[in-house]
Amino acid sequence: HITEDTSDLLQHVKFQSSNFENILTWDGKLESAPDTVYSVQYKTYGEGEWLEKEGCQRITRKSCNLTVETSNLTELYYARVTAIDGAGRSATKMTNRFSPLQDTNIKPPDVTCIPKVRSIQMNVHPPYTVIRARNGHQLTLENIFQDLRYHFNLRINHTYQMHFERKQRKFEFFGLTPDTEFHGTVMICIPNLFKESAPYECQVKTLPDRTWT
Amino acid sequence: QEFQFGPCQVDGIVLQKLWQAFWAMKDIVQAQDNITSVRLLRKEVLQNVSETESCHLLHALLRFYVNTVFKNYHDKAVEFGILKSFSTLANNFFVIVSKLQASQEKMFSTRESARRRFLLFYRAFKQLDREAAVTKAFGEMDILLRWMEKFNQL
């Protein structure tokens with residue numbers, strides 16, 4: 001009995017996760033026949049039963065949002081996809097063990113940069129996630145990662161930049177030259193998990209000094 | 001870093017180093033474990049552990065890891081080219097066990113409840129084929145590290 005190799009139907013089944021939005025993605029055959037359909041199942045590691053993800057049964061797109069189903073940060077998860085092509089050939093592939101806490105990427109913070117005459121203030125907006133506490137309260141990254149820090153950076157010129165690391169979300173760079181352009185960045189860092197967001201960047205100009213005019 | 005497992009204090013653990021070692025091999029190791037329906041370090045073993053129990057439980061678990069899991073996984077670690085990470089974790093676990101040894105011997109109060117928790121883990125381990133059990137236990141070290149993290153005296 002020769003079993004046909006159908007591995008070409010399905011590749012790279014994995015979670016793509018940012019701030020705990022957990023999207024399952026996969027690739028199909030390069031010249032994937034339009035009539036190939038995909039069905040998604042998921043489970044908590046240690047559980048016996050695979051559960052079907054409603055809304056991702058016999059779909060033709062190559063992604064499925066499993067954020068709600070994988071929202072318990074103390075759990076580990078698996079997902080798997082079954083592909084069936086027009087000729088009835090099928091293939092099933094599983095993800096690696098997925099840990100939301102370890103595997104999620106951190107999005108850049110949302111920041112307001114406020115220029116003044118001789119300073120620039122940077123205010124990071126609360127980094128809310130899709131995760132909710134038992135009481136329904138929406139959690140921020142700070143609630144989830146106790147060691148979260150913000151890295152504030154301001155480039156003064158080609159050779160000199162100022163850099164500060166803070167737990168607080170607000171920081172002000174003082175002693176700046178009025179009416180001058182500066183490039184600021186803010187990153188989120190989680191040292192214990194070696195996580196770092198991409199930087200939020202702002203180009204901002206200090207106000208002119210009108211005191212003597 | 002300093003860790004306080006109930007009455008047992010352990011200094012000199014750099015948990016980030018252990019995390020780094022584990023992550024370097026996580027996907028390789030966990031991909032070898034295809035029994036997705038069994039979790040050895042499940043909630044009943046590690047959840048709601050009292051401070052005083054934690055020393056006994058950690059000592060029992062780490063001693064098992066040193067004497068059984070690492071011992072039987074060494075050849076695989078060589079085979080998969082992950083010996084460096086393997087050694088980092090094995091050596092650190094060995095050091096922690098020896099540091100816990102003295103203090104946990106002096107405590108008797110919560111030994112029995114900690115032993116019951118350990119037996120939950122041990123029975124699940126014994127129910128699996130030996131090689132599969134060792135591979136699974138090795139792949140669950142992130143669960144153990146996550147639990148140990150809670151006792152870090154930041």
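Two residues are taken to be in contact when heavy atoms of one lie within 4.5 Å of heavy atoms of the other. In the predicted model described here, the contact between the two chains draws on 21 residues from chain A and 21 residues from chain B. The size of an interface is often expressed as the accessible area that is lost when the parts come together. For chain A and chain B this buried area amounts to about 1900 Å², with 46% of it on carbon and sulfur atoms. On the side of chain A, the residues that lose the most area to chain B are A:Tyr45, A:Arg97 and A:Gln102, which together account for 33% of what that side buries.

Polar and charged groups also meet across the interface. Between chain A and chain B, 13 residue pairs are in polar contact, and four salt bridges are found across the interface. Strand 3 (37–44) and helix 1 (100–103) of chain A each contribute at least two residues to the side of chain A that touches chain B. Helix 1 of chain A gives the most, with three residues. Sorted by class, this side of chain A comprises nine nonpolar, seven polar and five charged residues.

One of the salt bridges links B:Asp33 to A:Arg97, with the closest N and O atoms 2.8 Å apart. B:Asp33 is placed in the loop between helix 1 (15–31) and helix 2 (43–46) of chain B. Its relative accessibility is 5%, and B:Asp33 therefore counts as buried, the limit for this class being under 20%. Apart from residues up to four places away in sequence, B:Asp33 touches A:Tyr45, A:Tyr78 and A:Arg97 in chain A, as well as B:Thr135 and B:Lys136 in chain B. A polar atom of the B:Asp33 side chain also lies 3.0 Å from the backbone nitrogen of B:Ile35.

Within chain B, strand 1 (residues 2–5) and strand 2 run antiparallel and are joined by four bridges. The two strands form a hairpin with two residues between them, and B:Gly6 in the turn has a positive phi of about 60 degrees. B:Phe5 has B:Cys8 of strand 2 as its bridge partner. In a regular strand, side chains alternate between the two faces of the sheet.

Leaving aside neighbours within four places in sequence, B:Ser85 is in contact with B:Ala21, B:Ala24 and B:Met25. B:Ser98 belongs to helix 4 (residues 83–105) as well, but with a relative accessibility of 41% B:Ser98 counts as partly exposed. A polar atom of the B:Ser98 side chain lies 3.0 Å from the backbone oxygen of B:Phe94. B:Ser98 and B:His59 are separated by 39 residues in sequence, yet their C-alpha atoms are 8.8 Å apart in space.

Helix 7 (residues 141–149) of chain B is largely enclosed by the rest of the structure, because eight of its nine residues are buried. The buried residues of helix 7 are B:Met141, B:Asp142, B:Ile143, B:Leu144, B:Leu145, B:Trp147, B:Met148 and B:Glu149.

Technical notes
Residues are numbered from 1 along each chain as its sequence is written. Chains are lettered from A and ligands numbered from 1 in the order in which they are written. This is a predicted model: local features need pLDDT of at least 70, side-chain atom pairs count only at pLDDT 80 or more; totals for chains, interfaces and linings use all residues. Side-chain values use heavy atoms; hydrogens and water are left out. Buried area is the accessible area (1.4 Å probe) that two parts lose on being put together, summed over both. A salt bridge is a side-chain nitrogen of Lys or Arg within 4 Å of a carboxyl oxygen of Asp or Glu. A polar contact is a pair of N or O atoms within 3.5 Å; within protein, one must be able to donate a hydrogen and the other to accept it, and residues adjacent in sequence count only if both atoms are side-chain atoms. Ala, Val, Leu, Ile, Met, Phe, Trp, Tyr, Cys and Pro count as nonpolar, Asp, Glu, Lys and Arg as charged, and the others, Gly among them, as polar. Buried means under 20% relative accessible area, exposed over 50%, partly exposed in between (1.4 Å probe, protein chains only). Two strands pair if DSSP finds at least two bridges between them.
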